Amino acid sequence: MELKQELMGLVLAVSALSFGTVLASGPTPEAKALIKAQMDAAREVTANELHELLGEDDVVVLDVRQDSEIPIMGRIVPQEKQVEIPRGYVEIKTFSRIPDREAKIVAYCGKGIRSAFVVNTLRDMGYANVSHLKGGAKAWKEAGFATH
């Protein structure tokens, strides 16, 4: 019985070390290639360009971050002026939240990776005028623009 418990402890310890190594290693080369391909395919705007676009009435700002991320960097525009759909729900909620497939949509996330995926997804869903904020909310803040 003691030997069995020791073996189980050893198995758990090795598993924990292996899991920690996987987490610490970052994205695999395949994942990096996928991210690069998605970012290369997505139309992007800079923080300065988005700041100018915000003066137009027909721009839809789409925040694809999780609710828990919003307090970290704030919102680019006040909550009532943007659409918030976390990345995992874009395919499910966008048709009802943004019914106009010709709308000028600018998506953003924390660093601009998930929003690039969203641009390509929305394009596949029939949205014609979609771009994302290059560098995400981080780039927005680094450019010195206010958050809400």
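## Charged pairs and nonpolar cores

Arg-75 forms a salt bridge with Glu-84, their closest N and O atoms lying 2.4 Å apart; the term stands for a side-chain nitrogen of Lys or Arg within 4 Å of a carboxyl oxygen of Asp or Glu. This is a predicted model, in which local features need pLDDT of at least 70 and side-chain atom pairs count only at pLDDT 80 or more, while totals for chains, interfaces and linings use all residues. Residues are numbered from 1 along each chain as its sequence is written, and side-chain values use heavy atoms, with hydrogens and water left out.

Arg-75 counts as buried at 16% relative accessibility, and Glu-84 is buried too, at 17%. Here buried means under 20% relative accessible area, exposed over 50%, and partly exposed in between (1.4 Å probe, protein chains only).

The count of salt bridges comes to eight. One of them joins the side chains of Lys-104 and Glu-56 at 2.5 Å, N to O. Lys-104 lies in strand E4 and Glu-56 in the loop between helix H3 (47-53) and E2, so this pair ties together parts 48 residues apart in sequence. Helices (H or I, at least four residues) and strands (E, at least two) are DSSP runs, numbered from the N terminus.

The largest nonpolar core has 19 residues, including Leu-62 and Val-118. Such a core is a set of buried Ala, Val, Leu, Ile, Met, Phe, Trp, Tyr and Cys residues joined through side-chain atoms within 4.5 Å. Its largest share, four residues, comes from H6.
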